[in-house]
Every structure is written in C-alpha cells, then in structure tokens.
Amino acid sequence: MENLQHLNIELKKYLEQISPQLIVDLTDLINDKNINYLNNKSKNNCKALYFEYQYDYLDIIFWSVDQAGERITELIRLPSKKIDRIDEEWSALIPKQIWEAAADFEDTYEDDDFDDILDEYNTEKYELFESWFLECWKKATEQTKVEVDAYFSIHDTYFKTDLHSMETINTDEINERYQ
C-alpha cells in the first residue's frame, strides 16, 4: 500500500500545482467568458452549469444546459491550459507516471489483500480529487457571484454534488427543479 499512498501524495502535489489555472477557468466560466453557445442560445438561456469528470483519467468536462435540460454550449475541457508535463502525448488530467504506476501495481500485485489495497487507494484518490475541485470552486465563487445552478459529478452518474449547497442531489431532483 505504501507505493499507492505515495501516488496519492504525488497526485495531491500535482493538483495543488494546477489549482490556480482551474480557479481562473472556473471564474471565467461563471462570468460567461470563453463559452461557445450552440443553436443561437446565450447566457440568458442558461439554467445550470455541469462539471463532470471521467472516472479513470480524472478529465473534467464543462457544459451548460437550458430550462429543458438540453446542452446549449460546446464542451470545455478543464483546466483549459495544459500544465507542463513530461509526456506531451499524454492528455489525461491524471499524470501519466501516476496512472502507469497504479496500472503496474494492478498488473503485478498478487497477494490476497489486492482488492482491499486497491479500494483504499481509489477511495482516497477520488476523495482527494473531489475535495480539490470543490475547494477550487469555492475560491472561484469568492471572486464572482454564481447566478445559476451548478453541479459536479463523475461522468454519467445519477448522483451529483450541488455546488451551491455542497449537498448530494440526484438527477430526478435536478429535473424537478426545471419542470
């Protein structure tokens, strides 16, 4: 487990390094900057901001929806600027060396406690990642006023974090808000 704990320490350092860029990006999105609207829609049509991340690679995607829950903006990948990386071919948010070290562990570790160790590592990793995003959100919203609903979750999941209340909400409850 020591090697995997070290990976989360490295991930935390990396996330701290890219925090300023994510805060700028979130602030810009809240302020309707750098958003391309679809089908003649505009900020006036926006009812909610969505931020989802890919479970494996931690890639964050943003979009806005209208009253009907239809996407009205192009997808935006966050952070918007690529942070210095050793391998320019690697495009995932999670650093390649962390991804590869975790994959190597999964491929080579053979003791009976494999599932427990991997579950503990992943639980800590996702808690760390989600806490980091929520902290960046809080810092971004200190600088600007959010006038629409905003949600954060793993891609295509039923439960989301309401970024105003920081409470868990499900898709059905979100849909009821716009009926």
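These are my notebook entries on what I looked up in this predicted model.

**Ground rules.** I number residues from 1 along each chain as its sequence is written, and for side-chain values I use heavy atoms, with hydrogens and water left out.

**Whole chain.** I found 4 helices and 6 strands, taking helices (H or I, at least four residues) and strands (E, at least two) as DSSP runs numbered from the N terminus. Read along the sequence, they follow the pattern α-β-β-β-α-α-β-β-β-α. The C-alpha trace spans about 55 × 35 × 30 Å along its principal axes. Of the 179 residues, 42% count as buried, where buried means under 20% relative accessible area, exposed over 50% and partly exposed in between, with a 1.4 Å probe and protein chains only. I also looked at contacts, meaning heavy atoms within 4.5 Å: among those between residues at least 6 apart in sequence, 59% join residues at least 24 apart.

**Strands β1 to β3.** Which strands does β2 pair with, and how do they run? Strand β1 (residues 48-53) is joined to β2 by 6 bridges and the two run antiparallel, while 3 bridges join β2 to strand β3 (residues 76-78), again antiparallel; I count two strands as paired if DSSP finds at least two bridges between them. As individual bridge partners I noted A48 with V65 of β2, and F62 with I76 of β3. The hairpin formed by β1 and β2 has 6 residues between the strands, and L58 in the turn has a positive phi of about 65°. Strand β2 (residues 60-65) is largely enclosed by the rest of the structure, because 5 of its 6 residues are buried.

**Aromatic rings.** I counted 18 aromatic pairs, using the rule that rings of Phe, Tyr and Trp (its six-membered ring) pair if their centres lie within 6.5 Å, with planes under 30 degrees apart stacked, over 60 edge-to-face and the rest tilted. One of them, F51 with F133, is tilted, at 5.6 Å centre to centre and 50° between the planes. F51 lies in strand β1 and F133 in helix α3 (residues 114-142), so this pair ties together parts that are 82 residues apart in sequence. F51 is buried at 0% relative accessible area, and F133 is likewise buried at 0%. Both rings belong to a cluster linked by ring pairs, whose members include Y53, F62, W132 and F152.

**K160.** Not counting residues up to four places away in sequence, K160 touches several residues, among them Y50, E52, E167 and I174.

**S19.** I placed S19 in helix α1 (residues 2-30), where S19 is buried at 12% relative accessibility. The side chain of S19 reaches the backbone oxygen of L15 at 2.9 Å. S19 and C136 are 117 residues apart in sequence, yet 6.5 Å apart C-alpha to C-alpha. Leaving aside neighbours within four places in sequence, S19 is in contact with W132 and C136.

Methods: This is a predicted model: local features need pLDDT of at least 70, side-chain atom pairs count only at pLDDT 80 or more; totals for chains, interfaces and linings use all residues. A polar contact is a pair of N or O atoms within 3.5 Å; within protein, one must be able to donate a hydrogen and the other to accept it, and residues adjacent in sequence count only if both atoms are side-chain atoms.
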